[in-house]
Structure formats: structure tokens, C-alpha cells
Amino acid sequence: MACRREMRGRTPLVTAMICLGALAVLSSLITLSNGIVTGRRALQALLADKAYLETQLGLLEQQWNAETSRACILDRAQRELGLQRSDAPGLIVVMSDPDSAGEQPLWQRVVASVGNGDRVAAAAAADRPR
């Protein structure tokens, strides 16, 4: 077999260099693989945390909606502040002067022009309870 003069007797050295190179490449691949696995585990942990936090956010929004509902606020106002609940709007009584009974006051004309002016009841000053 024909070999160059420089390579004769150096076969163990060349073999050792090739083995060291292969070892370096394999250890780099193992390190890269471990980094990928670690990154995937971290990503899975973050996705699990995200799902948990989204669930907690949904529960907090549900609790907020329940606590700020109209029925809950009215119940708390009645219980804590002693306010009375009125399902219908109250009656507005306006006192007027009996001398000007013939013409409508300005506010009644404005209310009538805006709408529902016929539903306003005016009470004379003498009609009020004592």
C-alpha cells in the first residue's frame, strides 16, 4: 500500500484526532438537544401558567359581574344603608299658584313640547297636606 512519507507512523495520532473531533461534535449535539428539551419544558410550564391565570381571570370577571349586578347593588343598599327599593318611578307633584290657573306655566309648556306634558299633575297650594 502506498502512503505518503509524512503520514507513515502517525496513524494513531490521526485516529486520535478524528476521535476527538467526533467526540466534540457529539457532545455539542447532546448539549444542543438538552437545551431544546429544557426550552420545551419551560414553554410547557409557561403555557400551564397561562392557562391557570386565564382561568383565574375568568373567575374574577364572573365574581365582578355578580357583585356589580343591579340586583346585588340594590340588595346591599337596602341592607347596609337602609334605602327602600322602589320598582316604579315616583309621582312628581308640582305646586302652582291658583291665580294663574288659566295659563300654563313655562315649565309645563316646555315639558309638553318635549313630550309627556299631559302626565304631569299640578297641585294647587291649598291642596297640599298639612
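**Notes on the predicted model**

1. The accessible surface of the protein is about 11900 Å², and carbon and sulfur atoms account for 61% of that surface. The model is a predicted one. Of the 130 residues of the protein, 2% count as buried.

2. On confidence, the average pLDDT of the protein is 81, and 75% of the residues score at least 70. Confidence is highest in helix 1, with a mean of 95, and lowest in strand 2 (residues 121–124), with a mean of 49. Please keep these values in mind when reading the points below.

3. The protein has three helices and two strands. Read from the N terminus, the order of the elements is α-α-β-α-β. Helix 1 covers residues 11–67, and helix 2 covers residues 70–81.

4. Which residues make the nonpolar surface patch of about 470 Å²? The patch is formed by Val25, Leu26, Leu29, Leu32 and Ile36. Ile36 lies in helix 1.

5. In general, side chains of opposite charge can pair when their charged atoms come close. One of the salt bridges joins the side chains of Glu54 and Lys50, at 3.9 Å from N to O. The cut-off for a salt bridge is 4 Å, so the 3.9 Å between Glu54 and Lys50 falls within the limit.

6. Why can Glu54 and Lys50 face each other along helix 1? They are four residues apart in that helix, so about one helical turn separates them. An α-helix has 3.6 residues a turn, so residues three or four places apart point the same way. Glu54 is partly exposed, at a relative accessible area of 46%, and Lys50 is also partly exposed, at 46%.

7. Glu80 is partly exposed, at 49% relative accessibility, and Arg76 is partly exposed, at 39%.

8. Glu80 has another partner. Arg79 forms a salt bridge with Glu80, with the closest N and O atoms 3.8 Å apart. Arg76, Arg79 and Glu80 are therefore linked in a network of salt bridges. Is Arg79 buried or exposed? Arg79 is exposed, with a relative accessible area of 58%, a value over the 50% cut-off.

9. The length of helix 2 can be checked against its residue count. At 1.5 Å a residue, its 12 residues should span 16 Å, and the end C-alpha atoms are 16 Å apart, so the two values agree. The expected span takes 1.5 Å times one less than the number of residues. Just after helix 2, Gly82 takes a positive phi of about 75°.

Definitions and conventions:
Residues numbered from 1 in each chain as written. Predicted model: local features only at pLDDT ≥ 70, side-chain atom pairs only at ≥ 80, totals over all residues. Heavy atoms only, no water. Patch = residues over 30% accessible without salt bridge, like charges linked within 9 Å, V, L, I, M, F, W, Y side chains within 5 Å. Areas by Shrake-Rupley, 256 points an atom, 1.4 Å probe, with all protein chains shown as cover. Buried < 20%, exposed > 50% of the residue type's maximum accessible area, 1.4 Å probe, protein only. pLDDT = per-residue confidence, 0-100.
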